[in-house]
Amino acid sequence: GTMPTNEGLKSRVCEVIDQRAEEIIDIARHILSNPEPGFREQKTSKFVQKQFDRLQLPHKNNLAITGVKSWVDTGSPGPTIAVLGELDSLRVLEHPKADPETGAAHACGHHAQIGMMLGVATGLHLSGVLDKLAGRIVFFAVPAEELIEVEYRNGLRRQGKIEFIGGKQELLRLGEFDDVDLA
């Protein structure tokens, strides 16, 4: 057989994503309805882990407290790229989807980011294209991107649970990006 074109591979991935659009949108809606601020995203982290389990993708959990890292390998040498989605919410009491108890709300679209990151993982993993590609793709659910609750985060720092008050910096410090080719 002839080698599939890049366009052909891309359309196979998109087809899988389109077939599962409702499922992916439901993931984003679930996160939108269950907002949690940075370094407190326990339910969101567990929910993302469950999605990786459903896809039968390996993952490392509890990175920088709530971060999750998964990956797929093409089996051929090449670059490792990362697809990121952020777990945390802001606190916006007047947001229509704000948690009435905490005031947490996804006002910055992180629920959509996580949905998209999991959509990419779904499309690449289930489309059967990986063996036609090179390198690896790493999927990160990143904690604590929004700079809020600095006092709480300083408390975590004093307890030795984190060194940086931002999730990406903390994942870098922990070496979780060491296997990714950063542009």
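This is a predicted model: local features need pLDDT of at least 70, side-chain atom pairs count only at pLDDT 80 or more; totals for chains, interfaces and linings use all residues.

Q: How many disulfides does a search of the whole structure find?

A: A disulfide is a covalent bond that joins the sulfur atoms of two cysteines. In this case the search of the whole structure returns zero disulfides.

Q: How many salt bridges does the structure hold?

A: For a salt bridge, one looks for a side-chain nitrogen of Lys or Arg within 4 Å of a carboxyl oxygen of Asp or Glu. The structure holds 14 salt bridges.

Q: Which side chain meets that of R40 in a salt bridge, and what does the pair tie together?

A: The partner of R40 is E149, with an N to O distance of 2.9 Å. E149 lies in the loop between β6 (136-142) and α5 (150-158), while R40 lies in the loop between α2 (21-32) and α3 (42-54), so this contact ties together parts that are 109 residues apart in sequence.

Q: Is E149 buried or exposed?

A: The class follows from relative accessible area, and buried means under 20%. E149 has 19% relative accessibility and therefore counts as buried. R40, at 31%, counts as partly exposed.

Q: Which residue forms a salt bridge with E149 at 2.3 Å?

A: That residue is R91, and the 2.3 Å is again an N to O distance between side chains. The pair links distant parts of the chain, 58 residues apart, with R91 in strand β4 (residues 90-91) and E149 in the loop between β6 and α5. R91 counts as partly exposed because its relative accessibility is 36%.

Q: Where do R136 and D179 lie, and at what distance do their side chains meet?

A: Their side chains meet in a salt bridge at 3.1 Å, N to O. R136 lies in strand β6 and D179 in the segment after α6 (167-173), so the contact ties together parts that are 43 residues apart in sequence. D179 has 30% relative accessibility and so counts as partly exposed.

Q: Which residues are linked with R136 and D179 in a network of salt bridges?

A: The network also includes K60, K69, D73 and E176.

Conventions:
Residues are numbered from 1 along each chain as its sequence is written. Side-chain values use heavy atoms; hydrogens and water are left out. A disulfide is a pair of cysteine sulfur atoms within 2.5 Å. Helices (H or I, at least four residues) and strands (E, at least two) are DSSP runs, numbered from the N terminus. Buried means under 20% relative accessible area, exposed over 50%, partly exposed in between (1.4 Å probe, protein chains only).
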